[in-house]
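Please look over the structure below before reading the report. The headings after it take the parts in turn.

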2 protein chains.
Amino acid sequence: MAVGLRSPTDLGSVPGIRLGTACARIRYSDRADLTVIEIAQGASCAAVFTQNAFCAAPVTLARRHLAAASPRFLLINAGNANAGTGAQGVQDALTCCKALADMTGCKLEQVLPFSTGVIGEPLPVTRIVTAIPDAVDRLSEAGWLDAARGIMTTDTVAKGCSRKITVNARPVAIAGIAKGAGMIRPDMATLLSFIATDAVVNSAVLQACLGEAVAGSFNRITVDGDTSTNDACVLMATGKSGVVIDDADSGGFQQALNEVCLELAQAVIRDGEGANRFVTVQVEEGRNKAECLQVAYTIAHSPLVKTALFAGDPNWGRILAAVGRAGIGDLDIQRVQIYLHDVCIVRDGERASGYRESAGKDVMAREEILIRVVLGRGKARESVWTTDLSYDYVRINAEYRT
Amino acid sequence: MAVGLRSPTDLGSVPGIRLGTACARIRYSDRADLTVIEIAQGASCAAVFTQNAFCAAPVTLARRHLAAASPRFLLINAGNANAGTGAQGVQDALTCCKALADMTGCKLEQVLPFSTGVIGEPLPVTRIVTAIPDAVDRLSEAGWLDAARGIMTTDTVAKGCSRKITVNARPVAIAGIAKGAGMIRPDMATLLSFIATDAVVNSAVLQACLGEAVAGSFNRITVDGDTSTNDACVLMATGKSGVVIDDADSGGFQQALNEVCLELAQAVIRDGEGANRFVTVQVEEGRNKAECLQVAYTIAHSPLVKTALFAGDPNWGRILAAVGRAGIGDLDIQRVQIYLHDVCIVRDGERASGYRESAGKDVMAREEILIRVVLGRGKARESVWTTDLSYDYVRINAEYRT
């Protein structure tokens, strides 16, 4: 049911990054659910993690390891989040990391663990440890697409994206994968996404580049407003191209990275649980970005707006009601305009005089919908991306675990 | 599908209040959808209204009229919200009020209009004006139950409640009705509710009593987080009993009023759109009431928690994730306990060691579910009431208007 999204048929590789998958039967018996990513010696690595106070054991451990050493391996499992599992959860993640470290001869701190899936169940350590050698055996620079499949949970389509850019007349590769379809409203962090480049980028610049890219992409999407316990996004720079990026702007690196992150983030929304629509909520003429986001998220999280989107019903009163309850105390409704694409539905705070229901219906029948709200208060603007609320969203989340 | 809720079979009357209904065919062709409530001369009246910036024309007008005169009539229609309708909407509401004022000989400002239903469509003024005489003809002190039915929209059950209390050895009556099933998250106001007593209560005391009663009832319920444009709650005191209430505490008046409001508010949740569960979210040991409410509403609005409630799935990881993302910056998760009724599912921030899935399943199979979160930070506590998120919620809101 993904909206305007197909699984990539191939992904460009990144010299210095090898990926391998294996079937650990954590939750799924017919597909790979364990992924190992090997990072070349000497690479830089930046990461952002969930802001959920109940962050998962692998998040705690990945943060700790990242502070202690340069990562050589990422170990990612699908089907079990290892969250809400306390001290045992940390111990379990450590045991898995140690198995990979022992096998490859790196230090324990050079392995970062990542988990997604059901919260609160013990991690099946033995299954994971048993499957690690398979995944290591299959490590390959051509493994990106398999890895994109290996990290999926309720995703219906694998998500990946790659770019080749030219910096100082020399080629630089960027590739990334992501997973996520529900419990999606990343907050200063993201779902699971792994992105790599063969540029030479030091850690400080890399972290700054990742921060900017995530702010405009993963941190602007929401399926259900539920920020996960396990979100993480990692950006690796292997340096194998020999091309030095010492400033975010050099050679369009930041722009290409932004594009990769936005494409991956939008892919998560297009494959959002039960999604029939891909919806852009754009709020303009706010006094500042914060109030634009406040209005945009209120619309994007409104179950009434989302069910109207599912029905293809131009029930714009629900959008207006959401703007009105968004908490902007001194909102002058006389200055508010609301558009569905180019169709003006609300002008000067009330139904636009020229509005025809048929025009609204035409727009709402599309798979890709733009809701534009003009606040008439300033010059700030923000966009967020979201989906509709369908029977399938309820089915997927009522049946998951059963 | 209402949870543990039946339509009342009779409602106690309140001397000084008469109610009449009529079929105006605003949206429904087979039932009364227009209600007139007559208030005796000399009564006091208090009201609270929606805080939605896009408040409806009748809300604007009711506020204005209430400030100018003592109300003699309430004019209530179902099926059309007269919201997002600008200056024409105010004019339309005025025309309807004037028809009732002319017919009954009261002043225009003594009529308060109330509307609920679809937002953004012109009010069918002629149909309403034509039906007013019928409703006036049927005015009766015994009209409470008919009025409870007349104000319904997507409600499946009429909602009313009455009490007899004794103050200074003399009887005082309280009766109230309410409507609402979706677009429910009242904010310092409420859906539509009309409550009356025959006590003698001056306006200032009456407003204070209403404020307290609403704070603990209508302002603690949520179906979908969507605050309506049309919420209003009116409390009338006719004085016909001759019993003077000059202090909220006198003779248990405030307590009886609180009980009436809570029963009506909970009735709205029990009849929430698509509801299969009646859920109490109780947050204890917070530092203050605000943070208790923040956590309670984050749980109550989480689509993942709500779909798990629909499925009867003790997927407590979703509750834990919601607590973690509720925005309490310095939350010490080691002190957090989560219970389903008496079953402890999370202790010291992780899965309780004695927890058995079967015990969780037993609780989640009930129609009435208590989620208790103990924050371990202080002495404040708050409760909110909500429903699950079901296929029927999606169906009702995808089909409404079609």
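What follows is a plain account of a predicted model, from the relation of its chains down to single residues.

## Basis of the report

The model is predicted, so local features need pLDDT of at least 70 and side-chain atom pairs count only at pLDDT 80 or more, while totals for chains, interfaces and linings use all residues. Residues are numbered from 1 along each chain as its sequence is written, chains are lettered from A and ligands numbered from 1 in the order in which they are written, and side-chain values use heavy atoms, with hydrogens and water left out.

## How the two chains are related

Two copies of a chain are related by a rotation about an axis and a shift along it.

Helices (H or I, at least four residues) and strands (E, at least two) are DSSP runs, numbered from the N terminus. Helix H11 of chain B covers residues 391-399. Its buried residues (under 20% relative accessible area, with exposed over 50% and partly exposed in between, for a 1.4 Å probe and protein chains only) are Tyr393(B), Val394(B), Ile396(B), Asn397(B) and Ala398(B). These buried residues pack against three helices of chain A: H8 (303-311), H9 (316-324) and H11 (391-399).

How do the axes of H11(A) and H11(B) cross? They come within 9 Å and cross at roughly 170°. The axes are lines fitted to C-alpha atoms, for helices over the stretch in contact, and angles run from 0 to 180 degrees between N-to-C directions. H11(A) is therefore roughly antiparallel to H11(B) (over 145 degrees; under 35 counts as roughly parallel, 65 to 115 as roughly perpendicular and the rest as oblique). In this contact (heavy atoms within 4.5 Å), Tyr391(A), Val394(A), Arg395(A) and Glu399(A) meet Tyr391(B), Val394(B), Arg395(B) and Glu399(B). By class, the contact has four nonpolar, no polar and four charged residues. Ala, Val, Leu, Ile, Met, Phe, Trp, Tyr, Cys and Pro count as nonpolar, Asp, Glu, Lys and Arg as charged, and the others, Gly among them, as polar.

## Helices H8 and H9

Within chain B, helix H8 (residues 303-311) and helix H9 (residues 316-324) have axes 9 Å apart and pack at an angle of about 155°. H8(B) and H9(B) are therefore roughly antiparallel to each other. On the H8(B) side the contact is made by Leu304(B), Val305(B), Thr307(B) and Ala308(B), and on the H9(B) side by Arg318(B), Ile319(B) and Ala322(B). These divide into five nonpolar, one polar and one charged residues.

In chain A, H8(A) is mostly covered, with seven of its nine residues buried. They are Pro303(A), Leu304(A), Val305(A), Lys306(A), Thr307(A), Ala308(A) and Leu309(A). Gly312(A) follows H8(A) and has a positive phi, near 65°.

Cys292(B) lies in helix H7 (residues 289-301) and is buried, with a relative accessible area of 0%. Not counting residues up to four places away in sequence, Cys292(B) touches Val283(B), Gly286(B), Ala380(B), Arg381(B) and Glu382(B). The C-alpha atoms of Cys292(B) and Val373(B) are separated by 9.1 Å, although the two are 81 residues apart along the chain.

Cys45(B) lies in strand E3 (residues 44-49) and is buried, with a relative accessible area of 14%. Beyond its neighbours within four places in sequence, its contacts include Ile39(B), Leu66(B), Ser203(B) and Met236(B). Ile195(B) is 150 residues from Cys45(B) along the chain, with 9.9 Å between their C-alpha atoms.

## Positive phi values in chain A

Most residues other than glycine have a negative phi. Glu285(A), in strand E10 (residues 278-286), has a positive phi near 60°. Glu285(A) is partly exposed, with a relative accessible area of 36%.

Asp348(A) has a positive phi near 55° and lies in the loop between strand E12 (343-347) and strand E13 (350-351). Asp348(A) is partly exposed, with a relative accessible area of 40%.
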